[in-house]
Structures are given as C-alpha cells and as structure tokens.
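User: I have a model open and would like to learn how to read its features. Where do we start?
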Amino acid sequence: MNRRSALGRIGTFALAGTLDVDRIGEPHGRKRQNTALRKIATEEACTFAEVAGELRKVVRAGGSNLDLRLLKSIYDAPPGVEPRFLPELLDFDAKRLVDMDRHGVSMHVLSLTAPGVQMFDAKTGASLATLSNDRLADIVRRHPKRYAALASFAPQDPQAAVKEMERAVNTLRLNGFIVNSHTNNEYLDQARYWPILEAAEALDAPLYIHPRAPSDGMAAPFRDYALESAAWGYGMETGTHAVRLMLSGVLDRFPKLRIILGHMGEGIPFWMWRLDFMGAPGGRAAGRSNRLKPSEYFQRNFAITTSGVEDPLALRYCIDRLGVDNIMWAIDYPYQTTAPAVSFIETAPMSDSDRRKIAHGNAERIFRIGSQG
Ligand code: 1WB
Ligand code: MN
C-alpha cells in the first residue's frame with residue numbers, strides 16, 4: 001500500500017473545511033482546465049543506472065543512517081517486490097513525457113534525486129556527479145523545450161565540487177545546482193564548504209537545497225513511525241539547514257547567493273516572525289554573526305517552491321508573506337502525482353498575473369529558462 005492510499009484510510013475528518021484527508025491526491029477546489037497556462041515544474045527527480053547501482057551498494061553496506069530505510073525500498077527491493085519509483089526515476093522519454101503531455105506540463109527542471117552523490121566516498125561522488133551532469137546536458141539537448149536541469153556536485157571534496165560547478169554552468173549550460181542538505185552530517189555554513197557557496201554566487205546560478213533525512217545528531221526521535229522522510233524529517237532537516245545559513249552570517253559573505261527551498265519553504269515562512277524576534281542581529285553571545293534579520297536574508301537570498309504542498313491556504317500565506325516573485329510551482333515527480341499538482345496551480349485562488357509568475361515566469365527568471373512556449 002502506498003502512502004497516499006494509506007492516508008486515504010485514516011478517516012473522514014476535515015480541518016476547517018480546507019484539508020480533507022480522504023481527498024488528498026484528488027483535484028483541488030474548483031475544477032477548471034487551463035491548458036493555456038504554461039507550467040514549469042521545478043523539483044523533478046531522476047536518476048541513472050550507475051547512481052542507482054552505487055546506492056544499492058550503500059544500502060547493502062548498512063548502518064544507522066536515516067536515509068537507508070527509504071533507499072532500500074527504491075534501490076534494493078527484495079526479489080518479487082516492485083521497487084518504488086525507480087522505473088519513473090530512470091525514464092526521460094516514454095513515461096515522463098507522456099505524463100507531462102497528459103497533464104499539460106511544459107517542462108520539468110530535472111535533478112538527480114536525493115541523496116544525490118552525497119553518501120558515496122569523495123571520488124565516487126565526484127565521478128557520478130560528472131556522469132549525471134553529462135547525461136542531463138544530453139537530455140536537455142535532445143528536448144530543449146521540455147527539460148532544464150540542475151547540476152550535482154560532491155561536497156565531500158569542495159575543491160573538486162567547485163570545478164564541476166564551473167563546468168556544469170560554463171560548458172554544459174545547466175540551470176543551477178542541487179544539494180541534498182547535509183553531507184556526512186555537516187552543513188554548508190561550515191567554512192570548509194564556503195568555496196561551494198562562493199562558486200554558486202560567482203556563477204550567478206541558484207542552489208536548490210533539497211531534503212534528505214535528518215543527520216545523525218538529531219536522528220533518534222525520527223526513527224519511529226517513518227517520521228524521517230517526507231512526512232516530517234525532510235522538512236526539519238532542511239529547514240534547520242536554512243536557519244543555519246541565515247544565523248551563521250555566511251550570507252553576509254555571499255550576499256548574492258540564491259538558495260531555493262522546496263515544500264513551501266520547509267516551514268521557514270511560518271517561522272519568520274519568531275526567527276526575526278529571536279534571531280535578529282546582535283546575537284553574538286549565542287555565537288551568531290548575522291548582520292541582517294532572518295526575514296531580510298529570506299527576501300534577498302531565497303526562493304521557494306510548492307513541491308508536495310498543494311494547500312491553497314499555505315500558498316496564499318507565502319504570497320502575502322514573501323511576495324509572489326520568489327515562489328515557483330513544482331510537482332516532485334515521481335514522488336508526488338502530477339494531476340493534483342496541476343489542478344492546484346490551475347485552481348488555487350490568486351490573480352492571473354500571480355498564477356503566471358508561479359507557474360512559469362519566476363522559474364524562467366531564476367533558472368534562466370527561455371520563455372518560448
Ligand atoms: C519521497 C520524496 C521519497 C522525495 C524520496 O526518496 C524523495 C517520498 C528519495 O515522498 O516518499 C522527495 O524528493 O521529495
Ligand atoms: Mn523532491
């Protein structure tokens with residue numbers, strides 16, 4: 001039983017009439033087909049056989065890392081059990097383009113799925129990032145109107161990562177970068193990773209911080225009830241990463257860095273007032289060195305996507321709180337299904353001008369995607 005049908009059996013309660021658990025996965029609100037709306041989906045997952053093979057080895061080596069449980073179900077399913085998501089992750093033609101066409105999705109911004117190359121040794125990680133980036137560039141070349149792509153790099157070796165980031169933008173012309181939160185339990189505000197932030201800023205290319213499960217130091221309470229993944233742990237891990245970047249002062253060092261968070265901002269927009277109150281400049285006694293308020297960094301340095309949060313009220317709040325220009329639509333294919341994500345962006349209450357910005361305009365600007373239909 002997949003997560004969606006499991007949720008469907010929870011019950012019939014509804015919250016304030018806006019979230020009916022029995023209807024998760026069904027179209028939202030008014031049904032209005034709007035095939036004329038250009039839709040660029042910005043957090044769309046893929047993988048390659050070589051990466052999948054190495055992840056299977058990581059799963060088989062075992063250990064206490066919190067990502068392993070879910071990775072096993074995808075990359076090392078027992079004989080006779082269908083691997084979750086893997087056929088869709090490996091496909092760029094038959095299934096994916098058919099799904100996009102069926103639902104009127106113009107483009108996927110592709111990225112190597114979590115945990116990317118970050119669980120491999122440094123050398124394997126670097127070589128598989130190169131392989132993935134080369135393949136993605138080929139796929140974009142074959143389907144320039146249907147795909148854009150984010151480049152991977154292996155933070156395990158920051159100097160090699162910078163070289164690959166430069167190649168990915170200057171030679172392969174990819175549209176930005178993706179990193180899956182922590183690497184070996186370390187975060188990008190740590191000085192060892194500054195060259196990566198510096199390179200993203202210098203290349204003027206956005207860095208998408210995609211979730212993975214919580215790092216070892218905060219793992220324990222997430223081990224029960226499958227809390228570690230998309231239900232809760234992904235957001236806690238990635239939101240914590242973003243707060244570290246804001247309170248460490250590292251964004252004073254790289255003021256033009258653009259960071260993207262999925263899942264409606266991983267909770268941060270809702271915390272903005274409290275973060276400003278508690279995390280305002282002057283917190284040196286707490287070991288902080290941020291010169292701006294968290295909300296000022298968030299406005300200046302961040303953008304968010306709607307991946308996996310098809311809630312019109314949450315979107316309304318984010319538009320009002322952050323401004324519409326830094327919000328982009330996403331599906332999170334194949335982990336989320338396309339139909340309800342499309343229905344969400346086509347029917348959630350907002351002006352037509354806001355809808356066009358969120359559906360495609362902001363993605364064209366932030367990822368430098370051509371605006372031809
Ligand atoms: C799920 C979502 C699983 C994501 C994943 O495995 C990733 C899930 C790597 O919904 O079960 C994701 O990228 O959001
Ligand atoms: Mn995702």
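Predicted model: local features only at pLDDT ≥ 70, side-chain atom pairs only at ≥ 80, totals over all residues.

User: Which residues coordinate the manganese ion (ligand 2)?
Analyst: Donors are N, O and S atoms within 2.8 Å of the metal (3.2 Å for Na, K and Ca); water is not among the atoms, so sites may look incomplete. Here E43 (OE), H210 (NE2) and D332 (OD) coordinate the ion at 1.9 to 2.3 Å. Their sequence spacing is E-x166-H-x121-D.

User: Are H210 and D332 buried or exposed?
Analyst: Buried means under 20% relative accessible area, exposed over 50%, partly exposed in between (1.4 Å probe, protein chains only). H210 counts as buried because its relative accessibility is 9%. D332 is buried too, at 8%.

User: How many disulfides are there?
Analyst: A disulfide is a pair of cysteine sulfur atoms within 2.5 Å. The count is zero. C46 is buried at 0% relative accessibility, and C318 at 3%.

User: How many aromatic pairs does a search of the whole structure find?
Analyst: Rings of Phe, Tyr and Trp (its six-membered ring) pair if their centres lie within 6.5 Å; planes under 30 degrees apart count as stacked, over 60 as edge-to-face and the rest as tilted. The search finds six. Among them, W273 and F277 are stacked, 5.3 Å centre to centre with 10° between the planes. Both are exposed. F298 and F302 are also stacked, at 4.8 Å and 15°, but both are buried.

Note on methods
Residues numbered from 1 in each chain as written. Chains lettered and ligands numbered in written order. Heavy atoms only, no water.
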